[in-house]
Amino acid sequence: KVFVSGYSSGAWLSYLLACTAGDRITAIGTAAGGFHANNPACKGTPGGILHAGTNDTANPIMKLNKDGVNEGSSAGRDALLKANGCTMETKPWDAMYPQCQQYQGCKSPVIWCPQDGVGHSNGEAVSRTGFWKLWSTL
């Protein structure tokens, strides 16, 4: 099993690898990343646990490029949701991470963790212990 994680620029790379090598990557863990509009379509069904601060101005959840295309962390999440055939229905993932919601109907788990009032963050407890909590189940 192969897992990839990253913070900030490393999260951008993690999203890119999840799509370009998604047939070889089991899951990713990201904090404060984004997703370029010109990334290739995702292959495979990599899962992910994705942290984003609602007050992140460096890599916001929603970031429109000059063409009006979202390149924020939610764009990376949406690419994983599409690759995994998820529904938009969510349920709480784990009580230790109350901000995290798991999407339903996914081939591989996709967990979205927007954290209110947090800026450009390394994901704190989500990345420290939550990434492995998910990955160890796969």
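Gly85, which comes just after helix α2, takes a positive phi of about 65 degrees. Helices (H or I, at least four residues) and strands (E, at least two) are DSSP runs, numbered from the N terminus. This is a predicted model, in which local features need pLDDT of at least 70, side-chain atom pairs count only at pLDDT 80 or more, and totals for chains, interfaces and linings use all residues. Residues are numbered from 1 along each chain as its sequence is written, and side-chain values use heavy atoms, with hydrogens and water left out.

Helix α2 itself covers residues 73-84. Of its 12 residues, 10 are buried (under 20% relative accessible area, with exposed over 50% and partly exposed in between, for a 1.4 Å probe and protein chains only). Among them are Arg77, Leu80 and Leu81. The buried residues of α2 pack against α1, β2, β3, β5 and β6; contact means heavy atoms within 4.5 Å.

The largest nonpolar core has 18 residues. Such a core is a set of buried Ala, Val, Leu, Ile, Met, Phe, Trp, Tyr and Cys residues joined through side-chain atoms within 4.5 Å. The largest share of this core, four residues, comes from α2. Leu50 and Leu80 are among the residues with the most contacts inside the core, and Leu50 touches Leu80 as well as Arg77.

Strand β3 also holds His51. Is His51 buried or exposed? His51 is buried, with a relative accessible area of 1%. Its side chain makes a polar contact of 2.7 Å with that of Gln115 (a pair of N or O atoms within 3.5 Å; within protein, one must be able to donate a hydrogen and the other to accept it, and residues adjacent in sequence count only if both atoms are side-chain atoms).

Note on methods. The expected span of a helix is 1.5 Å times one less than its number of residues. Lists of a residue's contacts leave out its neighbours within four places in sequence.
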